[in-house]
Amino acid sequence: MSIALGQKRGSMKPIGEVIATYRKKKKISQAELTVLLEKYGVHIQHAAVSAWEKGKSSPHADAFLALCEILEIHDVYKEFIGENPSDPLRNLNELGIQKVLEYAKLLELSDDYKKAETKILPFKPRVMKIALTSTSAGTGNFLDEENFEEVEIYDPVPDKASFGVYLDGDSMEPRFANGSLVWIEKTEVMENGEIGLFFLDGMTYFKKLVKKKTGAFLVSLNAKYKPIPISEFSTFKVFGRLSY
């Protein structure tokens, strides 16, 4: 695939644009893509895919790798950046590339150059609690046992994570897209600047805790949302911090 006309060598292509192109080429809907991502342990709603493709947010590393596998994007550098300077075949024409591949096949068939087989140990999924309600639908009783279901997670989960919860809304974009699954470590105490899950006056929020001389606030990463003040008369509770 050659660099598009007008595109500078080494310039990044919009991730969402490439995802949309490959998704449509494979005739997969956004909703179908979310189902396929589930098999890789990436739990999102189709609104998150739409946000990626529109450039409003970007997939996290695990989701990006799963997308490349599902959509068969094999040469990530070439597809998202341009011609790979480390590609030994970059200066060859189609006939030259075919000759190299034929020779590589011969080497592969030879016992002298055959790669040693590695034994892959079976991966054991981690059983985690996932909240049945999203952040905006949460209540002061958010941590009650009946509010969770246990799910086998094949995606890497932070060691200190206690449970997962789906985000509802765009207040924490671009870092956290609508519909994303985030992992929370249970705690009742959080430091200034930490991101976590909170209960405030009847609602559950996933925000950054900011403490100032003028008071404490729950702050969104999306600049279009104003900080939410925590007053001395507020009903406030810390459910836990974001687990990495």
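Contact here means heavy atoms within 4.5 Å. The model is predicted. In helix α1, the buried residues are covered by elements that include α2, α3, α4 and α5 (76-80). The buried positions of α1 include G16, V18, I19, A20, Y22 and R23. Just after α1, K27 takes a positive phi of about 60 degrees.

The largest nonpolar core holds 21 residues. Within this core, L33, L37, I44, W52, L71 and I73 touch the most other members. Four helices, α1 (15-25), α2 (30-38), α3 (46-53) and α4 (61-70), each supply at least two residues of the core. Helix α4 gives the most, with six residues. In soluble globular proteins, nonpolar side chains tend to be buried together.

L33 illustrates the packing. Leaving aside neighbours within four places in sequence, L33 is in contact with R23, I28, V49, L67, I70 and L71. A second, separate core has 16 residues. Among them are A131, M172, F206 and F239.

A charged residue, K207, was examined next. K207 lies in strand β6 (residues 203-212). K207 is buried, yet has no salt bridge. The nearest side chain of opposite charge, that of D170, is 7.9 Å away. A salt bridge requires a separation within 4 Å. The side chain of K207 instead makes a polar contact with the side chain of S171, at 3.0 Å. Beyond neighbours within four places in sequence, K207 is in contact with S171, M172, E194, I195, G196, F198, L218, V219, S220 and I228. One of these, M172, also belongs to the second core.

Notes. Residues numbered from 1 in each chain as written. Predicted model: local features only at pLDDT ≥ 70, side-chain atom pairs only at ≥ 80, totals over all residues. Heavy atoms only, no water. Core = buried A, V, L, I, M, F, W, Y, C linked by side-chain atoms within 4.5 Å. Buried < 20%, exposed > 50% of the residue type's maximum accessible area, 1.4 Å probe, protein only. Lys, Arg positive; Asp, Glu negative; His and termini not counted. Polar contact = N/O pair within 3.5 Å; in protein donor to acceptor, adjacent residues only side chain to side chain.
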